[in-house]
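Subject: Structure handover

Hello,

Please find the structure below. My notes on the ligand and the pockets follow it.

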Amino acid sequence: MKRFALLLILVLPVCIFAEKFKGLAPTPPMGWNSWNTFTLKIDENLIKETAEAMIKSGMRDAGYNYIVIDDGWEAMERDAQGNIMADPNKFPGGMKALGDYLHEKGFKFGIHNCGGTKTCAGFPGGRGHEFEDARTYASWGVDYIKYDWCNHGTANAEETYRTMGNALYATGRPIVFSLCEWGTTKPWEWGRDIGHLWRTTGDIADCYDCQEAYAMGWKFILASQVGLERYAGPDHWNDPDMLEVGNKGLSLPEARAHFSLWCIIAAPLMAGNDVRNMTDGVRDIFTNREVIAIDQDPLGKQGYQYNMPIGGKEIWVKELSNGCWAVCFFNNSDESFKLRINWSHLSFVKGSYEIRDLWQKKVIGSTDKNFAGKLPAHNVILLKLTPIK
Ligand code: GLA
């Protein structure tokens with residue numbers, strides 16, 4: 001009986017408590033993920049060419065350092081010992097060598113798998129293999145796991161993610177754990193001690209306002225983030241899904257607006273385009289360091305919707321370090337309108353601030369004067385307010 005009690009004391013903490021590496025995501029992770037553009041059409045060459053293109057375009061140096069291989073990298077079956085394997089045709093050099101390559105180029109290595117029996121695309125999932133898979137990933141030099149939620153049967157989400165989180169922690173290799181549970185069981189309420197970020201919705205689609213069976217345009221995703229800001233902070237971020245910037249379904253202004261608002265809500269900035277073939281306009285969005293700095297501000301506060309929008313006129317704000325604020329005026333309507341702002345009506349404006357337009361890259365005045373501007377449909381004006389001492 002005594003021995004049984006001792007065993008319980010030893011085993012219980014492992015089952016109940018979640019272990020996670022601290023300090024891996026003080027600001028929202030940034031990088032690139034293969035899914036939005038390439039789905040299952042991925043291989044070693046694509047990953048290497050992407051890494052090269054991210055260096056050449058300045059994306060790596062602007063902070064996009066995780067390269068994440070999404071669904072479809074696995075062989076259809078595990079090996080005879082039950083180990084997960086990469087598809088030898090797509091990744092002939094193996095994952096360890098690819099991880100080494102990425103590390104040498106100054107990137108971190110991310111990979112996707114799933115808490116269910118199979119991934120969404122039908123490749124082997126992690127259920128029941130969590131500890132051995134975590135050891136395999138650690139041996140390949142993986143730095144980031146996106147863990148999906150297809151084919152989970154009756155499994156409990158929190159339990160499943162806790163098990164995988166503990167398995168990753170047990171390897172001793174610091175690995176960012178990205179919970180891709182689509183917001184189904186409100187991971188923002190239980191994910192904080194388990195992972196570093198959690199998806200809050202189903203998939204993003206390559207459009208402004210379309211709605212597909214399992215995916216939706218960024219405008220709808222943004223709307224569903226209202227109220228989630230209080231759950232986010234350093235090492236525990238809401239993830240409204242990867243970026244569609246640079247993909248064909250968004251105009252350049254829509255892509256700029258998408259990027260601006262993802263920065264306001266402190267979203268992970270995971271590019272999802274073909275970075276080997278992007279226009280200068282798209283590259284300029286990804287590499288605007290002043291806009292990225294809004295997302296990556298060390299205060300680590302997610303921004304929020306400031307007003308009850310009327311006629312598609314939305315104001316989103318984010319508190320920044322050193323008393324600064326980011327303010328994003330968003331025209332969520334199909335008509336352009338004139339914007340008039342009396343800064344003294346905005347409660348967070350206390351005293352005078354210098355106003356810098358982050359897309360025009362210039363100071364445009366101060367909050368002592370009313371602001372007026374034209375705002376075309378689906379577009380934003382993104383400003384940084386800095387207190388005048
Ligand atoms: C789910 C995820 C996507 C992507 C696919 C891959 O739909 O939400 O981000 O990883 O699976 O199959």
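How much space lies in the second largest pocket? About 200 Å³, where a volume is the space filled by probe spheres set on grid points joined across faces, edges and corners. A pocket here is an open set of points on a 1 Å grid over the protein atoms alone, where a 1.4 Å probe fits, with protein on both sides within 12 Å along at least five of seven lines; lining residues have an atom within 4 Å of a point.

This is a predicted model, in which local features need pLDDT of at least 70 and side-chain atom pairs pLDDT 80 or more, while totals for chains, interfaces and linings use all residues. Residues are numbered from 1 along each chain as its sequence is written, and side-chain values use heavy atoms, without hydrogens and water.

The lining of the second largest pocket includes Trp 35, Asp 203 and Lys 248.

The largest pocket has about 310 Å³ of space and is lined by 16 residues; Cys 120, Asp 148, Trp 182, Arg 199 and Asp 203 lie nearest its centre. The ligand takes up this pocket (more than half of its atoms lie within 2 Å of the grid points).

Polar contacts are pairs of N or O atoms within 3.5 Å. An oxygen atom of the ligand is 2.7 Å from a side-chain N or O atom of Asp 70, and one is 2.7 Å from such an atom of Asp 71. For Arg 199, a polar side-chain atom is 3.2 Å from a ligand oxygen. The protein covers 93% of the 310 Å² of accessible area that the ligand has on its own (Shrake-Rupley method, 1.4 Å probe).

Regards

Note on methods. Polar contact = N/O pair within 3.5 Å; in protein donor to acceptor, adjacent residues only side chain to side chain.
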